[in-house]
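Here is a briefing on one protein chain, for a reader who works with coordinates.

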Amino acid sequence: MTLPNLSEAQFDLPTRDKLAAPVRFDHPPRILLLYGSLRERSFSRFLTEEAARILAHMGAEVRIFDPHGLPVTDSEAATHPKVAELRALSLWSEGQVWCSPERHGAITSVMKNQIDWIPLEVGSTRPTQGRTLAVMQVSGGSQSFNTVNTLRLLGRWMRMVTIPNQSSVPKAYEQFDEAGRMKPSPFYDRVVDVMEELFKFTLLVRERSDYLVDRYSERRDAAARQA
């Protein structure tokens, strides 16, 4: 069989050896968590903080980005302190957690604004490509998956490795106590499941994320530009 349209110079045959990490990381997995509400009693923030506690208990290094003060996308320069902070955290991270309330059947503007500020490219660096991602949502009514489905779509667009499991917490006002801690329930158990899976996938992916997201079409384009 011949493939006349294939450029053999840029074609890569994946092997198990190529997937082996050239250098083993000895630092804990670095996880960035984003939430999508500015309310004082924000259930998406509560759920995010609960997820961060679980990840930290597993040994991860966690950072939660506070969206307060982040300007609307493109209303300020990328040098704005909050934008620079968000982008630096995205580059620092090896995995991320996105948690948004459901509003009008979709993610909130606060959540989308954070994602929109993280570009697909900064020079030759992709701030999210190859990083693992877990998605979660809270809602005031019955259980829904609109928001996690939207977050999955965005994660794919940002070239992230989105894990299979996810968390959707209905009637969130019933799931947290006055201190903002999540009450024992099957919903809490699912959050533990999701964070456990994210931790595992991050350990698997982070040392070879560069190889896993390396693309034939982009290698061809790079070769053409050099020629």
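**Briefing**

Val-135 sits in strand E4 (residues 132-138); helices (H or I, at least four residues) and strands (E, at least two) are DSSP runs, numbered from the N terminus. The model is predicted, so local features need pLDDT of at least 70 and side-chain atom pairs count only at pLDDT 80 or more, while totals for chains, interfaces and linings use all residues. Residues are numbered from 1 along each chain as its sequence is written, and side-chain values use heavy atoms, with hydrogens and water left out.

- Val-135 is buried, at a relative accessible area of 0%. Buried means under 20% relative accessible area, exposed over 50%, and partly exposed in between (1.4 Å probe, protein chains only).
- Leaving out residues up to four places away in sequence, Val-135 touches Trp-98, Val-148, Leu-151, Arg-152, Thr-162, Gln-166 and Ser-167. Contact means heavy atoms within 4.5 Å.
- Val-135 and Ala-56 are 79 residues apart in sequence, and their C-alpha atoms are 18 Å apart in space.

**Nonpolar cores**

- The largest nonpolar core has 25 residues. Such a core is a set of buried Ala, Val, Leu, Ile, Met, Phe, Trp, Tyr and Cys residues joined through side-chain atoms within 4.5 Å.
- Leu-47, Leu-55, Val-97, Met-136, Val-191 and Met-195 have the most contacts inside this core.
- Two or more residues each come from E1, helix H2 (43-58), E3, E4 and helix H6 (186-205). H2 gives the most, with seven residues.
- A second, separate core of 21 residues includes Leu-32, Ile-107, Val-148 and Met-160.
- In soluble globular proteins, nonpolar side chains tend to be buried together.
- Beyond four places in sequence, the contacts of Val-97 are Ile-31, Leu-32, Leu-33, Leu-34, Leu-55, Leu-133, Ala-134, Met-136, Met-195 and Leu-198.

**Helix H2**

- The 16 residues of H2 should span 22 Å at 1.5 Å a residue, and the end C-alpha atoms are 23 Å apart, which agrees. The expected span is 1.5 Å times one less than the number of residues.
- Buried residues of H2 are Phe-43, Ser-44, Arg-45, Phe-46, Leu-47, Thr-48, Glu-50, Ala-51, Ala-52, Ile-54 and Leu-55.
- The cover over these buried residues includes E1, E2, E3, E4, E6 and H6.

- Arg-41 lies in the loop between E1 and H2. At 27% relative accessibility, Arg-41 counts as partly exposed.
- Setting aside neighbours within four places in sequence, Arg-41 is in contact with Phe-46, Phe-176, Asp-177, Glu-178 and Gly-180.
- Arg-41 and Leu-133 are 92 residues apart along the chain, with 25 Å between their C-alpha atoms.

- Helix H3 (residues 81-92) has twelve residues, which should span 16 Å at 1.5 Å a residue; the end C-alpha atoms are 16 Å apart, in agreement.
- Lys-82, Val-83, Leu-86, Leu-89, Ser-90 and Trp-92 are buried in H3.
- Their cover includes strand E1 (30-35), strand E2 (61-64), strand E3 (95-101) and helix H4 (109-117).
- Trp-117 belongs to helix H4 and is buried, at 3% relative accessibility.
- Not counting residues up to four places away in sequence, Trp-117 touches residues including Leu-70, Pro-71, Asp-74, Val-83, Leu-86 and Arg-87.

- Most residues other than glycine have a negative phi.
- Asp-74 has a positive phi near 70°. Asp-74 lies in the loop between E2 and H3 and is exposed, with a relative accessible area of 66%.
- Lys-171 has a positive phi near 40°. Lys-171 is in the loop between strand E6 (167-169) and H6 and is partly exposed, at 38%.

**Second largest pocket**

- The second largest pocket has a volume of about 200 Å³. On a 1 Å grid over the protein atoms alone, a pocket is an open set of points where a 1.4 Å probe fits, with protein on both sides within 12 Å along at least five of seven lines; lining residues have an atom within 4 Å of a point. Grid points are joined across faces, edges and corners, and a volume is the space filled by probe spheres set on the points.
- This pocket is lined by 13 residues, of which Arg-39, Phe-43, Pro-101, Val-138 and Gly-140 lie nearest its centre.
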